[in-house]
Amino acid sequence: MDINNYFLLFPVLLPIIAGVLLMFIKFGKREHMQLYILLILVIDLASIGWIALQPEDTLTLSQFFIAEGLHVFFHVDMLSKIFSVLIAFVWLMVGIASFEYMAHEKNEQRFYCFYLVVGGVLSALAFSGNLLTMYVFYEMMTLTSMPLVMHNLSHEAIMAGLKYLFYSVAGAFMVLFGFFLFNAEGRVLYFAPGGIINEPNPSGIMLFAVFLMIIGFGTKAGMFPMHGWLPTAHPVAPAPASAVLSGVITKAGVLGIIRSVYYVAGPDMIKGTWVQYTWIILSILTIFMGSMMAYKEKVLKKRLAYSTVSQVSYILFGLSVMQPIAFVGALMHVIFHSLVKNTLFVSAGAIICKTGKTKVRQLVGIGKEMPVTMWCFTLVSLTLIGIPPTSAFVSKWYLIFGALDSGIPGLSWVGPVVLLISALLTAGYLLTISIKAFFPGEDYDYTKLVNHEPTWRMLLPMVVMTALAVILGIWPAGLMKIFADIAASVL
Amino acid sequence: MIGNPILLLLVVGPMAAAVIGYLIGRVNKSARDYFADAVTILTFLAMAFFFLTYKEGQEVSLVVPEVCGMGLSFKLDGFRIIFASVTAFMWMMTTIFSKEYLAHARNRNRYYFFLLVTFGATMGVFLSDDLFTTFVFFEIMSLASYVCVIHDEKKETMYAGAVYLAVAVIGGMVTLMGLLMLYHAAGTLQLDALLSVCEEIFPENARWLYIAGGCILFGFGAKAGMYPLHIWLPMAHPVAPAPASALLSGIITKTGIFGVIVISSRIFLHNGYWGMVILLFGVITMMLGGILAVFSLDLKRTLACSSMSQLGFIFVGIGMQGLLGEENALAVRGTMLHMFNHSNLKLVLFMAAGVVVMNLHKLNLNDIRGFGRKKPLLLYTFLMGSLGIGGIPLFNGYVSKTLIHESIVEYIELLKEGHGAATFAFASGAGTAALFKVIEWLFIITGAMTVAYMTKLFIVLFVEKNSDPEIQKKYEAKTNYCNKVTAAVLAITATILPILGVLPTMTLDKLADMGQGFMFGVSPHHAVHYFSLVNLKGGLYSIVIGALIYVVIIRGWMMVKMKTGTVVYVNRWPERLDLLELVYYPIVMIILPNVAAFICRCMDFMMDGLILLARKTTHRQLHGGKNPPKGYRVSFWLGGIFNTVTLWLNKTIYKKHPLKRDYVLRFAEKERVFKDANKIIVASVSFSLLMFGIGIIITVLYLFMVR
């Protein structure tokens, strides 16, 4: 803990500073700004990649004290590495895709300013080594990502942004409250695998603190009852913003839950208590509700938002049963869902900016107009449904198997059943789009076909993420080994 | 990878070829067709090589670890070689046939792509050595074949396709649940290991295993057209292109059977209760399929219902395996051979039907009447198929049906002797014997129905004349109804059938010897005399009753003389009696989603509702508050300063190019925007919460620092 590795600040500060600078620099051409952003994102990814390759014990930064007992502390463990690499990668991919999308929005520069800042803050969030640091950056993330939501400043967008803020802040308070309760016990809340509190017979107030933290962080992860911001914020936000919101920022909530439950409170403390059961029930309810609402939804982006509600709760379900295999499945689903949802939102963005269609029923024959986009859309849809051999099938397999193995009376099989029903609904709300898109019917007029395919800047990220989503499913062994190590350390 | 990598090539090769074929198709269409032909022919040759060099005990296997997390494993034993060869053979024939059939269709590139993907996946199912691998390829096959089914994208095609897809996806998910439960209970999905593990854990885990088995049966049974999940079968076949229907009916349904056989012989080997369940479903499927086929007025639909009925026969065979226990040699061989025969038969029949559709684009019996007259090749092909499937002695269907029939008779004998109760103990002795006597008769009657509906089709196509003499003349004039390649395909496939039927001991028995080990069957003590009087009697009953059904029901009831004097076929099936429309659609598409959606909506609105309440009561939005008529004070003040500065600058520095901006207006505009946004924000619940939060944080920081 003595060695301070100041390089950890680099991937945090670089995008933040670059983002703030973006407010003041005037670019002659759009291309120059894009090049600047691209450069920052690539350097960011490279530096995070470099950090990820370092041994864990050299990656500590313990220099800053706000006050006695308020310690901003960075420590990069395996989990941080996974999340930060995921964040930087997705940020780069969506960044590239957004160049084309943002051309038809105003105030591009302001968007990218906040885009970069949120990227930096998220890296810091992933690197956090104690609950305080995490909380600080968690709040910062909320505040800096709000402008992304209300980017176009229409009345609707501002209201959505405020709703996002309301939910996030409310969630953050619950976390804060839990944090106080922990602190009141005189605990120092540094993350340690397996938890630092870990009392076998916890007091009711401690359990309540953990519960509040789960609900609080669960807000960002879209867990019922605090999921309401997702379906409102996504349709109004620009597509790249919805992509990262859904693909990455919800995962920040997941990271928060993992940290607070598995690294602070300790799974042994919660196992078998009402907190665990409530958590499982809430996540099961969310899974079902999210996919049912998505199935009934008519607006494409809103449908995807509800889908996120449901899918992120797969992860929460996997975490809540506290079983190593399910834990591995949950972490895999973090990665896979992130890739899939980003691809889905980017392709939705491509559809919106190229054809202006936002409703599902307008998408008849769109596969003929933008084949590559819709192929990516279809492949990742299959992934999300869990059709083998794509990736989410693998994560679902482990999630369900872990749940069955956990032996929690009743819930250990209700959960899997709901998961599979939700998978059916997923097929219902995603495959129908692909079918409409590719099989417009025999009377479809092929002579009026216009090619709406976006340029490579949008296609490249989609294709790369789709390929990853499929290939990681066929060869998940590398990832699985890493996650199994993490699972072994915390459970 | 441990083992023979050729096995992987057999599976992945066609899928890779699908991509290559697609790319070729972008450039040259006929090159793509030949490429697809070449791929299927090569695969078939590879399978033929394995088939010819197979020796008992020399299984080829392959394990690909870590793929999809669980790893894939493949194996080629006798049973798998036979069915993989059949798969390759069918694909070879249908791919060649597709070229002419789809010559004028759109989106052929897509068709060939998915045809080859389905091919690889089907091979994967048959080669798989653990249920995980089976499931992976089963799912790929289901989805890829969907695209082949809905090829023409007509409205009813899309509907039928949707039903097909829905059944496939639902079946897939339920199977997945079953597999996970089985894996949870047994700890392995490896086929060779499952049997011993399941025997060991059976006593205490019987409930889990039955639930798991039921779930797996649901998925595979759905694919195999088992009642009550058969709904997709009569819908999807008529609308699909003929080569796809041939494959769907001939081999893709057999993948479902494969799965059912796996669970029946690995989890519930020689389990009487399980056998009874399968038997009952089999009997219902068999009867219902037959009845639907008799009533059907559509060429391909009749064949599809016939498939369902024949699959019912196979289920009966599987059920008898479980009931007969150790002495199930006849049932095992009958099941296997009927799978084999039915594949070949349906290949022939659907391709013959395809030739009709290709020329007429019509399927209704009244429309296609008399098309086959004076077309000897078509007649030969269709006749061979009809005789085969009708179970006429000297044709292949007879052999396998006889075996299954014999197994039922054998069980009745056992029951009479009092042995049967040992394996199946619901009731013993005479009562059960009577039940099985009934089943035997149902079996014979279904066979009779097969004869009846095949006779119907044959007479419609080749004997009767069309009610419109003009059309009949046109039909008879049509001599070039298919090209030489198609003709060769038809002739070859049709000729195989009587060869198998005439020489059962040299052909089919050998196949049965080769494959029966998969279901743990042993060769019977003495060879079955297929053409002995006892066995011929069963076949004869079927033919006689079949002729009766044809004359009385089809000719007597289903044909009506019109006023013009022509006789037409009419639909006697009550329109509303449709399981899909009557039960499934309302439940799955209307009642369940809407009820669930209502509950979900309430949940969804819960938190938002609270916020809404707060906004309507404690945090009322500020309304009214018109913009102040003049004087954005800040902007006026700031703009004034800027204007002065500009004025001064214009006098001194920018003399030549004076700045002409009114900063008061500029700032006023910005301030208005800012104020508007601000008003909304400040009045919101979120803002007060935020302020509250900042307050808390400051308080806490203060407390910390003081402490």
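Predicted model: local features only at pLDDT ≥ 70, side-chain atom pairs only at ≥ 80, totals over all residues.

Mentor: In chain B, three strands form an open sheet in the order 1-2-3, with antiparallel pairing. Strand 1 (2–3) and strand 3 of chain B stand at the edges with a single partner strand each, so one side of each is left without a neighbour in the sheet. Here strands (E, at least two residues) and helices (H or I, at least four residues) are DSSP runs numbered from the N terminus, and two strands pair if DSSP finds at least two bridges between them.

Residues are numbered from 1 along each chain as its sequence is written, and chains are lettered from A and ligands numbered from 1 in the order in which they are written.

Strand 1 of chain B pairs with strand 2 of chain B over two bridges, in the antiparallel sense, and B:Ile2 has B:Val63 of strand 2 as its bridge partner. On the other pairing, strand 2 (residues 60–64) and strand 3 of chain B run antiparallel and are joined by five bridges, where B:Leu62 has B:Phe74 of strand 3 as its bridge partner.

Strand 3 (residues 72–76) of chain B is largely enclosed by the rest of the structure, because five of its five residues are buried. A residue counts as buried if 20 or more other C-beta atoms lie within 10 Å of its own, as exposed if 12 or fewer do, and as partly exposed in between, with C-beta atoms placed from the backbone.

The loop between strand 2 and strand 3 of chain B holds B:Cys68, whose phi is near 60°, a positive value in a residue other than glycine. B:Cys68 counts as buried, with 23 C-beta neighbours inside 10 Å. B:His361, also not a glycine, has a positive phi of about 55°, but B:His361 counts as exposed, with 8 C-beta neighbours inside 10 Å. The place of B:His361 is the loop between helix 12 (329–360) and helix 13 (365–368) of chain B.

Another backbone feature of chain B is the cis peptide bond that joins B:Tyr227 and B:Pro228, with omega about 0°; B:Pro228 lies in the loop between helix 7 (191–223) and helix 8 (232–239) of chain B. In chain A, a cis peptide bond with omega about 0° joins A:Pro388 and A:Pro389, and A:Pro389 is found in the loop between helix 15 (371–385) and helix 16 (391–406) of chain A.

Now we can turn to where the chains meet. The contact takes 45 residues from chain A and 45 residues from chain B, where two residues are in contact if their C-beta atoms, placed from the backbone, lie within 7 Å. Helix 6 of chain B gives the largest share of the side that touches chain A, eleven residues. The residues on that side of chain B divide into 32 nonpolar, five polar and eight charged, with Ala, Val, Leu, Ile, Met, Phe, Trp, Tyr, Cys and Pro counted as nonpolar, Asp, Glu, Lys and Arg as charged, and the others, Gly among them, as polar.

Helix 6 of chain B also contains B:Ala166, which is buried, with 20 other C-beta atoms within 10 Å. The C-alpha atoms of B:Ala166 and B:Asp33 are separated by 31 Å, and these residues are 133 residues apart along the chain.

Finally, consider how chain B is divided: its domain assignment gives domain 1 (153–467 + 483–569) and domain 2 (633–707), with bounds that come from an automatic or database domain assignment. The centres of domain 1 and domain 2 of chain B, taken over C-alpha atoms, are separated by 81 Å. For residues 128–410 of chain B, an unreviewed UniProt entry lists "domain: NADH:quinone oxidoreductase/Mrp antiporter transmembrane"; UniProt positions are given in the numbering used here, feature names are shortened, and annotations may be inferred rather than shown by experiment. That span is 82% helix and 0% strand, and its end C-alpha atoms lie 33 Å apart.
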